[in-house]
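Could you walk me through this protein structure as if I were new to the subject?

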Amino acid sequence: MSSSEIPGILESSRELDRLRKEQEEVLLEINKMHKKLQATPEVVEKPGDSSLSRLKSLYTQAKDLSEHEVNISSTLLSQLNALLPSGTPGQQRRRIEGSDQKRKKMKNESDISRLSPSMRNQLEIYANLKGEQVAARVTGNNAEKDEWFIVKVMHFDRETKEFEVLDEEPGDDEEGGGQRKYKLPMSCIIPFPKKNDPSCAHDFPPGRHVLAVYPGTTALYKATVVSPPRKRKTEEYLLEFDDDEEDGALPQRAVPFHNVVPLPEGHRQ
């Protein structure tokens with residue numbers, strides 16, 4: 001194991017521990033709200049009561065934490081897989097022979113049973129994304145900048161935890177033109193909120209950095225929230241995109257709520 005890789009693994013582990021502790025705190029708050037509403041359901045009818053709004057906010061927070069946990073877990077798995085010894089060529093051939101498929105199946109079932117409930121739930125959500133449009137990072141881990149595009153999910157493999165996606169926008173002539181296909185890990189995929197359900201929108205406050213589809217394109221860039229949909233009483237965020245300067249100022253652009261997602265950890269732009 002390379003000593004230079006260890007700090008990254010430790011950092012991912014610490015972040016995973018922090019996320020799980022935060023998830024536990026949120027779940028405790030959700031349980032308290034449930035007990036309160038079960039004991040006094042009439043409270044929601046009182047003027048000015050914010051119990052349901054608070055409960056929705058907690059569930060949104062739990063969902064965001066769950067998605068972040070999936071991304072960090074995928075990163076940690078990739079870091080560990082890169083450092084595990086692969087054995088000699090002879091040993092590799094012997095592992096492939098015989099009952100390798102049976103052992104692989106048993107290992108996958110064991111791995112799934114050891115996953116946290118939120119991770120298992122996330123796998124189920126990802127398995128149901130076939131045919132849906134999602135945000136995808138199509139550049140490698142060593143790229144100077146991250147490139148995110150809207151792609152269509154063709155298939156999700158629960159065992160390898162990999163997506164097969166299609167970039168439906170024709171590429172440049174120098175890239176061969178036509179639609180492009182990618183095979184990507186879970187950490188490179190972010191589902192969009194459901195277009196026909198504003199209640200699924202992320203609750204990003206003013207000043208929050210997000211990843212959003214630039215108007216008129218299928219590419220996503222880092223942006224800062226100026227005003228969320230609720231404040232503007234619309235279904236659009238008002239955003240300022242980085243590096244979008246015009247006449248010495250950043251123009252404010254309206255972006256539908258379903259084209260705005262959390263900014264990934266360590267985003268490079």
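Let's take a helix to begin with and then turn to the aromatic rings. Keep in mind that what you're looking at is a predicted model.

Start with helix α1, which covers residues 6-39. Now, which residues of α1 are buried? They are Ile9, Ser12, Glu15, Leu16, Leu19, Gln23, Val26, Ile30, Met33 and Leu37.

On to the rings. To describe a pair of aromatic rings, you give the distance of the centres and the angle of the planes. This structure holds six aromatic pairs. In one of them, Phe156 and Phe163 have ring centres 4.6 Å apart and planes at 40°, so the pair counts as tilted. Phe156 and Phe163 are both buried. Ring pairs also bring in Tyr126, giving a cluster of Tyr126, Phe156 and Phe163.

Another pair is Phe204 with Tyr237: the centres lie 6.1 Å apart and the planes meet at 45°, so this pair is tilted too. Where do its two partners sit in the chain? Phe204 is in the loop between β5 (189-191) and β6 (209-213), while Tyr237 belongs to strand β8 (residues 236-241), so the pair links distant parts of the chain, 33 residues apart. Phe204 has 3% relative accessibility and counts as buried, and Tyr237 is buried as well, with a relative accessible area of 1%.

Methods
Residues are numbered from 1 along each chain as its sequence is written. This is a predicted model: local features need pLDDT of at least 70, side-chain atom pairs count only at pLDDT 80 or more; totals for chains, interfaces and linings use all residues. Side-chain values use heavy atoms; hydrogens and water are left out. Helices (H or I, at least four residues) and strands (E, at least two) are DSSP runs, numbered from the N terminus. The expected span of a helix is 1.5 Å times one less than its number of residues. Buried means under 20% relative accessible area, exposed over 50%, partly exposed in between (1.4 Å probe, protein chains only). Rings of Phe, Tyr and Trp (its six-membered ring) pair if their centres lie within 6.5 Å; planes under 30 degrees apart count as stacked, over 60 as edge-to-face and the rest as tilted.
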